[in-house]
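This report walks through one protein model, step by step, for a reader who is new to structures. Please keep the sequence and the 3D view at hand while reading.

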Amino acid sequence: MPLLHRPDVEIWKKQIQDPVPIEQLETAPFMWPYINVEDLCKTEPLLLMLNSRARHTPDTFASFDCSSTDFGARTGCIAAATTEEDYYILFDKVRETYGQLVPCGDEDVLVTDPGRRYFSPGDGLWILEIQARIHEFLVKCCVWILHDVSSGMLLGDGLQGKPEPPMLSSSTNAEGIKFLAISSFESQYKAPAEMDLRRLESIVEAKLVSAEDHLWSLRESPGYFVTTLKEWSAHQLELLPDADGMAHPIFLDDKKQVYWGRTIRGLICHAFQEVEFFSGLLDNICCLRDVTDSTTFSIEEGIPHELSKALHELQYYLLRYSNATQQSIKLMARFCSSPPMRPFYLRTVPNPEEHDVIQIMTRSDVPRTKPLNDLVWIIQAILDTDLRFALGSMGPLTEIEFLIQRDPETKHSISYSVADNLSTIGIFCECFQHIMSFQPWVLGFDRYALEYGHLLPIAFQEEYQDLDNLLNVEETQWVKFASHFIQSTGGSFEYPVGVHSGERTVKAMRQSEMYIDSFWELVLRHLYKVRAVPSRVNRVLKRNLQRTPPWVEPPKKAKKGKKKVEKDDDEFDQLLEQIRADNEKAARKMNEPPVSIFKVSKRAFKVLNVLFYDGNDSTQLVDVAWTDLVYAMQALGFTAEKMFGSGWFFQPTKLDSKMGIIFHEPYGGKLKFLMTREMGRRLYGTYNFKREMFVLAK
């Protein structure tokens, strides 16, 4: 048994550096890569595998066991067997026919078989070998564990099965936090799960709301726009030095407007894409959910046409969304040019006359640790479609989480922006994983793809033509937008949100809001003109702007001991005014729905005071530890799940709304006030949370 986690990947890496004939490679790590000492020494995997393989027939695992060879097959480290004549291997629930060779007929059952019961001889022999070895291994484990029971009695028919115990899992820690990476890891040892469209719907809906809030904050909040723009600009290849240590000509030739134009283009295009793609993805998932809820079928009848259509459309659109997002993010470029990774790379220009064509190379004079090399390889695997699917839909992202667990310092090599990008990719990967869990029909719907698949590219192009128009806006136009912003602000920008409200503060905030409004009006005027504002984005941009009102000098308090001269200031008029104000306040309160009151601990109360800061006590403007935010969300009845990258998914359990919300863990684990303010705004918009709803428990 291999000693280390993912032995197939380690052997393949050695094969690249020092190739040997395939016949000399050990095949076992490529057949069952999850069987290794490091993984099975954890508490849960062996027990989970014993439980699942004993309680389900082998055909349940046929597709999974076949997919476990994907990495070895795609990398050419193992080769499938072939037969001279055309045969298939049958995998059904009948013991007598399970694994039998079946001659080919006139119809290609690998395509038309609705239940995915037939496999090619090569795949089928792999499945039989994998299952034979796994069952032999598990039986030996039972014999060793139950050594006080004779093998004859243990392997005979005399023992009666017991009810299934509660499912073991370490995916939830003592604080009640669930970890998606551990759930993904443990799924290898369980029976294949059913497709959970409700979970996908809740996650994608939360991501869509997050994308819409992000776009609106870029439009409405000057501080958020500038902070996000600076973060985006810190991940550009132009920042890398060349082999001589020289800066990019874009900085030497005083062309910073070009640099900022490209940065603004990337930021806005990506924000528009996320809103459009996740809105479309949510529609696809809801469509499939409606079809599955209203359709009944069996493995003998095959998959109905409407279900094939909804499933294939979701899979196709998901692949297009994922690929387009990765092209927009340019993950490898952002990763290599990020502040923590920039010292390890250089910029090269193949053609001196084309400075815009940038390639990167690793610096040989700056050594990297093995965990860092592993991280780089995983990032590359995410971008390689074959490797990404060979490692499993969520495989590469799971490997990053495990790498950070083994070597916590690796986390500091992933910037906040890159972690955010990984979180987005992780949502797409989880969607893929759930679709593939729609077994066995997901592998038997190819007939629909062959007959109607050619229509989807046309439909996709028509639906997202506005995004194509956006991506085709000339660079010179984005440079104009950047120049306008730089010239109007004079190169300096101040938005003192959270500072004690005074005349100077109000004037600075209003001026910054005027700058950002002028910039967006210029951008949107042109984008509307060239039809580059998609419909879903347009709905977000039509929200009502909240702007700082003009400064009004507060009324001065009357000095004690002096009489009031004017009639309107006498005590009787003041009393009438107070009564009138109290009546209006009482009337508003009667028309408002009752406000829920949350009694929370001192630790949670402190966090909530910062999230919903009302401007009265500036001592509340402190950094918030991420762990404290998670604690506060749990105190309000939210479940907490650590997703991939920086994403955390919070699901309410005690509110009328069941919509979840996604927040991103900051680099360094501390939330600055601008971030907590945006989180508070989002909590108010989603759940109508207000400061007065939280009181300190006695």
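## The model and its confidence

Residues are numbered from 1 along each chain as its sequence is written. The model is predicted, so that local features need pLDDT of at least 70 and side-chain atom pairs count only at pLDDT 80 or more, while totals for chains, interfaces and linings use all residues, and side-chain values use heavy atoms, with hydrogens and water left out.

The mean pLDDT of the protein, where pLDDT is the predictor's confidence in each residue, from 0 to 100, is 85, and 87% of the residues reach 70 or more. Confidence is lowest in helix 7 (residues 109-112), with a mean of 50, and highest in strand 11 (residues 661-664), at 96.

## Overall make-up

The protein has 30 helices and 13 strands; helices (H or I, at least four residues) and strands (E, at least two) are DSSP runs, numbered from the N terminus. Of the 698 residues, 48% are buried, where buried means under 20% relative accessible area, exposed means over 50%, and partly exposed lies in between, with a 1.4 Å probe and protein chains only.

The accessible surface comes to about 36,700 Å², and 54% of it belongs to carbon and sulfur atoms; such areas come from the Shrake-Rupley method with a 1.4 Å probe, and for residues only the protein chains shown count as cover. Among contacts (heavy atoms within 4.5 Å) between residues at least 6 apart in sequence, 75% join residues at least 24 apart.

## Strand 9 and its partners

Strand 9 (residues 638-642) has four of its five residues buried, so this strand is largely enclosed by the rest of the structure. Strand 4 (residues 177-179) pairs with strand 9 in the parallel sense over three bridges, two strands being paired if DSSP finds at least two bridges between them, and Phe179 has Lys642 as its bridge partner in strand 9.

Strand 9 and strand 10 form a hairpin with four residues between them, and Gly645 in the turn has a positive phi of about 65°.

Elsewhere, three strands form an open sheet in the order 2-1-3, with antiparallel pairing. Strand 2 (100-103) and strand 3 (118-119) are at the edges and have a single partner strand each, so one side of each is left without a neighbour in the sheet. Strand 1 (residues 87-90) is joined to strand 2 by four bridges, and Leu90 has Gln100 as its bridge partner in strand 2.

## Nonpolar cores

In soluble globular proteins, nonpolar side chains tend to be buried together. A nonpolar core is a set of buried Ala, Val, Leu, Ile, Met, Phe, Trp, Tyr and Cys residues joined through side-chain atoms within 4.5 Å, and the largest one here has 132 residues, with Phe225, Phe272 and Phe335 among those that have the most contacts inside it. Helix 14 (residues 256-294) gives the most to this core, with 15 residues, and apart from this core lies another, of 33 residues, including Val600 and Leu629.

When neighbours within four places in sequence are left aside, Phe335 is in contact with Met341, Leu375, Val376, Ile379, Ser413 and Val418.

## Helix 25 and positive phi angles

Helix 25 is followed by Arg531, whose phi is positive, near 55°.

Most residues other than glycine have a negative phi, and most peptide bonds are trans. Arg6, not a glycine, has a positive phi of about 50°; this residue lies in the segment before helix 1 (7-17) and counts as buried at 14% relative accessibility. Lys330, also not a glycine, has a positive phi of about 55° and is found in the loop between helix 15 (305-329) and helix 16 (331-337), where Lys330 is exposed, with a relative accessible area of 54%.
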